[in-house]
Amino acid sequence: MLFLNGLPIFTAELKNPLTGQTVEDAMRQYRQDRDPREPLFSYGRCLAHFAVDPELVYVTTHLQGAKTRFLPFNQGRFGGAGNPPVPPTQPGYATSYLWEETWAPTACLTSSATSSTRWRKKTRTAARPAGAS
């Protein structure tokens with residue numbers, strides 16, 4: 001769970017293949033074990049929910065039980081799916097961009113500000129009577 005000023009903005013299921021779990025287990029856990037009616041998982045409460053292992057990342061913005069759709073949130077591997085491998089001379093994981101860039105404080109502030117602005121515009125538009133400008 002990542003919070004911004006006490007407000008939840010992202011949830012993450014982090015899996016470790018050394019314990020026999022992968023990103024597929026994380027997605028299954030969100031679909032089967034996380035109740036979308038719980039306030040934390042209800043639509044619009046968090047910006048996104050991430051399924052992560054050392055090699056792959058998937059994301060969804062709307063938990064809907066078994067109907068939940070996850071999209072890849074990877075950088076691409078040699079022009080294809082996945083993430084570039086980490087060179088053997090460097091420490092780290094193929095998914096380190098997630099916490100080093102996507103979840104970096106400035107990136108989180110930008111994401112939450114953009115989302116907040118869109119939500120306010122959508123709310124104001126929906127609140128206007130028909131024909132009003």
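Predicted model: local features only at pLDDT ≥ 70, side-chain atom pairs only at ≥ 80, totals over all residues.

Student: Okay, what makes strand 3 and strand 4 a pair?

Tutor: Four bridges join strand 3 to strand 4, and the definition asks for at least two, so they pair. The two strands run antiparallel. Two examples of facing residues: Ala51 stands opposite Tyr58 in strand 4, and Val52 has Val57 as its bridge partner. A hairpin of four residues links strand 3 to strand 4.

Student: How do you know that strand 1 and strand 2 pair?

Tutor: By the count again: three bridges join them, and they run antiparallel. With at least two needed, that counts as a pair. Leu4 stands opposite Leu7 in strand 2. These strands form a hairpin with two residues between them, and Asn5 in the turn has a positive phi of about 50°.

Student: And which way do strand 2 and strand 3 run, parallel or antiparallel?

Tutor: Parallel, with five bridges joining them. In strand 3, Thr11 faces His49, and Ala12 has Phe50 as its bridge partner.

Student: Why is it called right-handed?

Tutor: Point the strands away from you and follow the path from the first strand over the helix to the second: if the path runs clockwise, the crossover is right-handed. The unit made by strand 2, helix 1 and strand 3 is right-handed.

Student: How does the whole sheet go together, then?

Tutor: It's an open sheet of five strands in the order 1-2-3-4-5, with mixed pairing. Strand 1 and strand 5 stand at the edges with a single partner strand each, so one side of each has no neighbour in the sheet. Along the sequence, the chain follows the pattern β-β-α-β-β-β-α-α, giving three helices and five strands.

Student: What makes strand 3 "mostly covered"?

Tutor: Five of its five residues are buried, and buried means under 20% relative accessible area. Both faces qualify: Ala48, Phe50 and Val52 are buried on one side, His49 and Ala51 on the other.

Student: What makes a set of residues a nonpolar core?

Tutor: They have to be buried, be of the listed types such as Ala, Val, Leu or Phe, and be joined through side-chain atoms within 4.5 Å. The largest one here has eleven residues, including Leu2, Ile9, Phe10, Tyr97, Leu98 and Trp103. Strand 2, strand 3, strand 4 and helix 2 (97-102) are the elements that give two or more residues to this core. Strand 3 gives the most, with three. There's also a second, separate core of nine residues, among them Ala26, Tyr30, Tyr58 and Phe70. As a rule, nonpolar side chains in soluble globular proteins tend to be buried together.

Student: Why is Thr68 called buried?

Tutor: Thr68 has 3% relative accessibility, and the limit is under 20%, so the label holds. Its place is in the loop between strand 4 and strand 5. Leaving aside neighbours within four places in sequence, Thr68 is in contact with Arg31, Thr60, His62 and Leu63.

Student: How do you know that Thr68 and Gly65 make a polar contact?

Tutor: A polar atom of the Thr68 side chain lies 2.8 Å from the backbone oxygen of Gly65.

Student: Now a contrast: is Arg37 buried or exposed?

Tutor: Exposed: its relative accessible area is 71%, and the label needs over 50%. Arg37 lies in the loop between helix 1 and strand 3. Its C-alpha atom is 9.1 Å from that of Leu63, 26 residues apart along the chain.

Student: And what do the totals for the chain look like?

Tutor: Of its 133 residues, 31% count as buried. The accessible surface comes to about 8800 Å², and 56% of that belongs to carbon and sulfur atoms. Among contacts between residues at least 6 apart in sequence, 46% join residues at least 24 apart.

Conventions: Residues numbered from 1 in each chain as written. Heavy atoms only, no water. Buried < 20%, exposed > 50% of the residue type's maximum accessible area, 1.4 Å probe, protein only. Polar contact = N/O pair within 3.5 Å; in protein donor to acceptor, adjacent residues only side chain to side chain. Contact = heavy atoms within 4.5 Å. Areas by Shrake-Rupley, 256 points an atom, 1.4 Å probe, with all protein chains shown as cover.
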